[in-house]
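Please look over the sequence and the 3D view before reading on.

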Amino acid sequence: LPEFVDVTVQRYNPETDDKPRYQTYQVPYRADWVVLDAILYIKDHLDATLSYRWSCRMGICGSCGMNVDGYPKLTCSTHLREYRQGLTIEPLANFPVIRDLVVDIDDFMAKLKSVKPWIVRELEQPLGAGEYLQSNNQIDNFRQFSSCINCMLCYAACPVYGMENEFLGPAAIALARRYNLDSRDEGAEERVKVLAASEGIWECSFVGECSAACPKGVDPAKAIQQTKFDTVNGFVMGAMLMPFGNRR
Amino acid sequence: VSDAAELETRPVRTYRRPLGNDWWLRRRSYFLYMVRESTVIFMVAWLVWFLFQVAALKFASYEPPTIDDYAFIAFSAVCLFFTLWHAVTFLNLSGLILRVPIGRSIPSSGGDQGRRLRRPPLRHRRGGRDHDLPRLREALMAAHEPWHSRADVKPAYGHSFWWFLFGNGGGIAAVFLPVVILVAGVLGPLGVKNWMEDSAHFAWTLGNPLVKLFLLVLCFLTFVHAAHRIRYMLFDLGLRGSVVALEWACYGAAILGTIAAAILLFTTP
């Protein structure tokens, strides 16, 4: 006997719609299905016009983030059985919607790049000198921040980003922090210009929902507050110890 | 022009759902955040009441609150409750984020600081192949340049200054303010002997310049801490027209309050 679950999906066609509308589909209920399976079922069997992003189905590519019942989730890692009474799927909040469940991620990609989330060296050491060594403690320092998969759930959970789109945002700052804490990296001074700008860390009022929403256990809220602390500390120490020092 | 080329150049009409000013009512965690931030209102309210008592002492009209002042005891109890709420949340969060950096402003390592691993001599500079990229990027960004790609983007020293005072204020208020409110606001009126039990004790206590200094620092840091949180709360509630004006109003009020407190404390015998 087939059982069904009502899946309501936000639809938006930029060529015909002025604003999104909702459409409900009856999807067979399977206890081992994830929400993404329900969306795939709709595409394959009920409505081929539905647009959405997905790729790996194992919670590592970061493509299938959507708002499920109003909260940002990776749909490949969220079970259908948690929503036995039916569910509403919307595109990630706070981002411009291109079509149906697809959002425009250009803003995030540009911000991510602006904080140089890669190892910056003043002088690159030659290959012949061997690898850069790190102790376990040094790796533990940044390990949790390096789990970020750029799925942007934190941006959808962040009310500050929703109110002020200029805000640099949780993931970008968490990844900047990840490289600032890396013993091989020397780019902190370059990153601080963007990080500590008005639209950077100072926009954050520490609601903390980014860390709650993160599917990979990253704590962006912590990264932001730590960056505030270190930045202030740097300014204060710089002003006290080297008041006439060279401010690069 | 082919269909594909036409599709490429057609502007995409996106839709963005506005957040709305009632977002903080939509989730329990958002609401608790708002409660956490609004604790400062009660902390400031009690300190303002206290400064009025100093003024009363100055003009020889001080009357200590008694056990019959139900309204005042209730007011103090509510203020104490939210001040403790502030203390617990603030110290919890500080404990989560606080690192004690030694030597470097942005530490590149924590556990192993000081212990240097093998780092061979460096020979050559990073390659210069990408010398044309900045010009290319400039051309691409000419239409709309986001703030983070501007050449003159720099740290906001003003923000860090106020955040520095905000952080210190939160800590100082979390540690000292609950005690002051408990003793002078709740236990005092209930009959426990304390430094505000009559004008003689109050004047004797305030006669010590160190006490004056302590109270002034407590007022100053609590006011700035509150101004910072209220500035963000008002922004959250929809006052987003001019952040500069908002900051002038909030931090300005904190400074004016501190000046008033200084004048009161240091002109009272």
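What covers the buried residues of α6(B)? The cover includes α2 (28-58), α7 (209-236) and α8 (243-267) of chain B. Contact here means heavy atoms within 4.5 Å. Helices are DSSP runs (H or I, at least four residues), numbered from the N terminus.

## Basis of the model

This is a predicted model: local features need pLDDT of at least 70, side-chain atom pairs count only at pLDDT 80 or more, and totals for chains, interfaces and linings use all residues. Residues are numbered from 1 along each chain as its sequence is written, chains are lettered from A in the order in which they are written, and side-chain values use heavy atoms, with hydrogens and water left out.

Helix α6 of chain B spans residues 199-206. Phe202(B), Thr205(B) and Leu206(B) are buried there (under 20% relative accessible area, 1.4 Å probe, protein chains only). They lie on the same side of α6(B), because they cover an arc of only 95° around the axis. The arc is taken from the directions from the helix axis to the C-beta atoms.

On the other side, Ala200(B) and Trp204(B) are exposed (over 50%). Asp198(B) caps the N-terminal end of α6(B). A side-chain oxygen of Asp198(B) lies 3.1 Å from the backbone nitrogen of Ala200(B).

## Cysteines without disulfides

The count is zero disulfides over all chains, a disulfide being a pair of cysteine sulfur atoms within 2.5 Å. For Cys76(A), the nearest cysteine sulfur is that of Cys64(A), 3.6 Å away. Cys76(A) counts as buried, at 10% relative accessibility.

Cys210(A) is buried too, at 8%. Its closest cysteine sulfur, in Cys154(A), is 6.4 Å away, too far for a bond.

Methods
Helix = DSSP H or I, 4+ residues; strand = E, 2+ residues; numbered from the N terminus. Polar contact = N/O pair within 3.5 Å; in protein donor to acceptor, adjacent residues only side chain to side chain.
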